[in-house]
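Please keep the sequence and the three-dimensional view side by side while reading. The paragraphs below go from the chain as a whole to single residues and their surroundings.

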Amino acid sequence: MPEEVEETTKAGIIIPDKAKEEMQGAKTIATIISCGAKAFDSSTWKDQPKVGDKIVIPTYAGYILNKKQTDDGKEYRIILDRDILAIKREEICQ
């Protein structure tokens with residue numbers, strides 16, 4: 001499930017679609033909500049992503065299920081495991 005870019009700034013300024021695309025860049029941060037049985041079965045991944053992990057994927061990768069196509073009105077994307085660029089980890093500095 002891709003994270004949505006904010007529609008307005010904290011000050012209430014509406015962000016145009018073109019600017020949102022530029023802020024998003026060529027990547028999308030998404031959260032894994034489900035994995036198929038054969039996902040990550042190759043030895044490519046040392047530390048395999050799992051449900052709940054935030055991942056980085058190419059913006060145009062996979063098949064998009066738009067809000068009108070889903071029961072809960074959210075946008076989802078179906079991608080191949082090999083399309084995942086990175087796992088986003090939150091490091092805690094002490």
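Among contacts in the chain between residues at least 6 apart in sequence, what percentage join residues at least 24 apart? With contact meaning heavy atoms within 4.5 Å, the share is 54%. This is a predicted model, in which local features need pLDDT of at least 70 and side-chain atom pairs count only at pLDDT 80 or more, while totals for chains, interfaces and linings use all residues. Residues are numbered from 1 along each chain as its sequence is written, and side-chain values use heavy atoms, with hydrogens and water left out.

The chain has one helix and five strands, where helices (H or I, at least four residues) and strands (E, at least two) are DSSP runs numbered from the N terminus. Read along the sequence, these elements follow the pattern α-β-β-β-β-β. Of the 94 residues in the chain, 24% are buried; buried here stands for under 20% relative accessible area, exposed for over 50%, and partly exposed for what lies in between, with a 1.4 Å probe and protein chains only. The chain exposes about 7,500 Å², of which carbon and sulfur atoms supply 54%, the areas coming from the Shrake-Rupley method with a 1.4 Å probe, and for residues only the protein chains shown counting as cover.

The largest nonpolar core consists of eight residues, namely Ala 30, Ile 32, Phe 40, Trp 45, Ile 55, Ile 57, Ile 84 and Ile 87. Such a core is a set of buried Ala, Val, Leu, Ile, Met, Phe, Trp, Tyr and Cys residues joined through side-chain atoms within 4.5 Å. Not counting residues up to four places away in sequence, Trp 45 touches Phe 40, Ile 84 and Ile 87, and also Asp 81. Asp 81 can also be related to Asp 41, which sits in the loop between S1 and S2: the two are 40 residues apart along the chain, and their C-alpha atoms are separated by 9.4 Å. Asp 41 counts as exposed because its relative accessible area is 57%.

Asp 53 belongs to the loop between strand S1 (27-31) and strand S2 (54-58), and with a relative accessible area of 11% it is buried. Leaving out residues up to four places away in sequence, Asp 53 touches Ala 30, Thr 31, Ile 32, Gln 48, Ile 87 and Arg 89, and Ala 30, Ile 32 and Ile 87 are among the residues of the largest nonpolar core. The structure holds one salt bridge, defined as a side-chain nitrogen of Lys or Arg within 4 Å of a carboxyl oxygen of Asp or Glu. Lys 50 forms a salt bridge with Asp 53, the closest N and O atoms being 3.6 Å apart. Lys 50 itself counts as partly exposed, because its relative accessibility is 47%.

Which side chain of opposite charge is nearest to Arg 77, and how far away is it? Arg 77, found in strand S4 (residues 76-78), is buried yet has no salt bridge, and the nearest such side chain, that of Glu 75, is 4.5 Å away; in this count Lys and Arg are positive, Asp and Glu are negative, and His and the chain ends are not counted. The Arg 77 side chain does reach two backbone oxygens, that of Pro 58 at 3.4 Å and that of Ala 61 at 3.5 Å.

Tyr 63, placed in strand S3 (residues 63-65), is in contact with Gln 69, Tyr 76, Arg 77 and Ile 78 once its neighbours within four places in sequence are left aside. A polar contact of 3.4 Å joins the side chains of Tyr 63 and Gln 69; the term covers a pair of N or O atoms within 3.5 Å, where within protein one must be able to donate a hydrogen and the other to accept it, and residues adjacent in sequence count only if both atoms are side-chain atoms. Tyr 63 is partly exposed, because its relative accessibility is 46%. Ile 78, also assigned to strand S4, touches Gly 62, Tyr 63 and Leu 65, not counting residues up to four places away in sequence. At 51% relative accessibility, Ile 78 counts as exposed.
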